[in-house]
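Good morning, everyone. Today I'll walk through the side-chain contacts in one protein.

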Amino acid sequence: MTNPGVGPSEVDPLKGEEGEVGGAGVSASTPPLKKKGPCGGGLRLSRLSGWRTAAFLLSLFLCLTIVFAFSFILPCPTRPQYQVTWNRTLPAAATYDFLAIELVNDDKVKDVIFTYKSSEGTEVNNTCELKGLSSPCVFVLAVDGTDGDSIWEQPLNSDLLWAQCGLGGVDGKNTSCLLAHTNTLTAISTQTGKIRWQQSSSPGVGAAVPVLSVPDLDSDGTSDIALLTPQRNQLVFLSGKTGVMLGSGVEVVGEVSSSHMLHETAKKAQYLLLQTGSGLYAEGLWNLVAKAGLRKQLKKDAEWEKRRNGSGPIMIYPSTSLQQVSSVPVASGVSHLLLMTGLGAEGDQDNGQPSGILTELLDGQSLTSRWTTNSSKLLSQPSFGYFNKDDIPDIVMEEDSGNGTKRVAILDGNTGEELWKVAMVAVPHTPAPASILTLHEYSVFMLWGEMLDNQTDSAMDKHVSNLLYPYYSDVLLQSTRPVEQIIACEVTLLERGRHAAYLLLTGPHASEGVEPEGAGSVVLTKRKMKGDVPDSRVLSVSGSVTQDNAERIKEAFQRLRFHD
């Protein structure tokens, strides 16, 4: 039965619509209007869904293509493959006290440059005679830091006086090595080994190291160099690109200097420091450049200029017994100056006991004394590292104790107080102490010599290395591989933040001549610092060391990570 309250449109909506339309006066012959149902526009939605599917598949295909390309087609950056140790042997040769650590090729690993004297080089047909040089001659050789293979080699005249690398270039790149002969200066490209320029009878002949890197004075886009002749105390500027003299020579002070260095103040002004018989002098690079007749405007430091008395150089430290001046690097700020002054006359040594030394640290900007301490005569240049965590480099000193012994002491860079010491056998021609910073803000120190309490029969003719880590300051890790005839030694990180290594150049010195028939050989050895740890002896500086403690200390050394 039909509900009388329900209209026809509720029973059948479609019929109701037709009735309403007809009731509006539309003729019966007019076709009924079609109404879009809930799936109205289905074709449009279907097309949109297809585009979405295509876009998804295309994105998926591109992602897979990129993953495939980076995984299999494009080569991934590979780290250099190091040899833990390598040796480069040059028979019938002699060498010089020169080792340079430079970036020679493009593998981001530091390489090694050194010089040796021989009749023939390591390459085929690379002999002195074929190059028009008298035999034997000097060869400059660059080898790869990863495996010791040759990168380039350059023969030169045999009368080599000194060599220094890392000069000139632009922003530390495209640098040169400068080599001094009796009457010639030669600049060689660090990257290719080719001669960039050679100047005979140059005003810089007779100069002493270090060679000073100075700003671009002739606007040729390359940093220039400055050379000082100690006897005349004349400073000359040379073009880093051509070797031509820039301007005229300048006399710095009216007396002979024994050492010199370039010092930068807080105002980024550079001053030439000269150690003479009457003390330590300073002269602004800006003033020297102006006196040479060059128009380059350089910075000056008003605080330093106030110390100038008239038109002469600035007297920093008056002393007639000044023996040594060293620059102490500071992580952030101006380098300090470490001065060694004799406390007695040269002949005041009785019974083999050395005379005393006054060690004083000057602030690198204000030139005021930070601290002083007494010590004995030094056997080597002071070196620096971090024995504690005050962010101030500490000072390693080798003092002559007399009777063939030495005292190695580490002084606090902030106060001058003694932090650590050990007594060792003093062997001639021993490498100076060195250090490498770790991520824990301590340095690992490399010291050379045998402890007096652990002396062996080889102590007087061989060199033994020791590792000191301040966290375990009561022990030393002594290498079981003694070395003879060390001419030069360098401790460095071969790669940024990694691969701590030391390089040893051993063999006869060039001053001794070249042995016939290969009797004397030059050997360049690279060893990874951690590679010596497993076989090292753990020696006690104070107290005793058990076997368990020794193994634990070795493990701690193996876990060390290094920092530039």
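What is the pairing when we number the bonded cysteines of the protein in sequence order? The pairing is 1-2, 3-4. Keep that in mind while we look at the bonds themselves.

A quick word on the model. It is predicted, so local features need pLDDT of at least 70 and side-chain atom pairs count only at pLDDT 80 or more, while totals for chains, interfaces and linings use all residues. Residues are numbered from 1 along each chain as its sequence is written, and side-chain values use heavy atoms, with hydrogens and water left out.

Disulfides, then. A disulfide here is a pair of cysteine sulfur atoms within 2.5 Å. By this rule, there are two.

Take cysteine 128 and cysteine 137. Their sulfur atoms are 2.1 Å apart. The angle about the S-S bond is -85°, and the link is left-handed. Are these cysteines buried or exposed? Both cysteine 128 and cysteine 137 are buried. Buried means under 20% relative accessible area, exposed means over 50%, and partly exposed is in between, with a 1.4 Å probe and protein chains only.

Now the other disulfide. Cysteine 165 bonds to cysteine 177, with 2.0 Å between the sulfur atoms. This link is right-handed, with 105° about the S-S bond. The pair links distant parts of the chain: cysteine 165 sits in strand β6 (residues 160-167) and cysteine 177 in strand β7 (residues 176-181), 12 residues apart. Strands (E, at least two residues) and helices (H or I, at least four) are DSSP runs, numbered from the N terminus. Cysteine 165 and cysteine 177 are both buried.

Why does cysteine 63 count as partly exposed? Because its relative accessibility is 46%.

On to the rings. How many aromatic pairs does the structure hold? Eight. The rule covers rings of Phe, Tyr and Trp (its six-membered ring): they pair if their centres lie within 6.5 Å, and planes under 30 degrees apart count as stacked, over 60 as edge-to-face, and the rest as tilted.

One of the pairs is phenylalanine 387 with phenylalanine 445. Their centres are 6.4 Å apart, the planes make 45°, and the pair is tilted. These two come from distant parts of the chain, 58 residues apart. Phenylalanine 387 is in the loop between β22 (383-385) and β23 (394-402), while phenylalanine 445 is in strand β27 (residues 443-448). Both phenylalanine 387 and phenylalanine 445 are buried.

Tyrosine 469 and tyrosine 472 also pair, with ring centres 6.5 Å apart and planes at 40°, so this pair is tilted. Both of these tyrosines are buried. They also belong to a cluster: ring pairs link Tyr442, Tyr469, Tyr471, Tyr472 and Phe557.

Rings can also meet charges. A charge sits over a ring if NZ of Lys or CZ of Arg is within 6 Å of the ring centre and within 35 degrees of the ring normal. Here, lysine 300 lies over the face of tryptophan 286, at 3.8 Å from the ring centre.

Last topic: salt bridges. The rule is a side-chain nitrogen of Lys or Arg within 4 Å of a carboxyl oxygen of Asp or Glu. That gives 11 salt bridges.

Arginine 407 bridges to glutamate 418, with the closest N and O atoms 1.9 Å apart. Arginine 407 is in strand β24 (residues 405-411), glutamate 418 in strand β25 (residues 418-425). Arginine 407 is partly exposed because its relative accessibility is 24%. Glutamate 418, at 37%, is partly exposed.

Next, arginine 481 and aspartate 532. Their closest N and O atoms are 3.3 Å apart. The two residues are 51 residues apart in the chain. Arginine 481 is partly exposed at 34%, whereas aspartate 532 is buried at 4%. This bridge is part of a network of salt bridges that links Arg481, Arg527, Asp532 and Asp535.

Finally, arginine 496 and aspartate 564, with closest N and O atoms 3.8 Å apart. Arginine 496 lies in the loop between β30 and β31 (498-506) and aspartate 564 in the segment after α6 (547-558), so the pair ties together parts 68 residues apart in sequence. Arginine 496 is exposed, at 72% relative accessibility. Aspartate 564 is partly exposed, at 47%.

That's my tour. Thank you.
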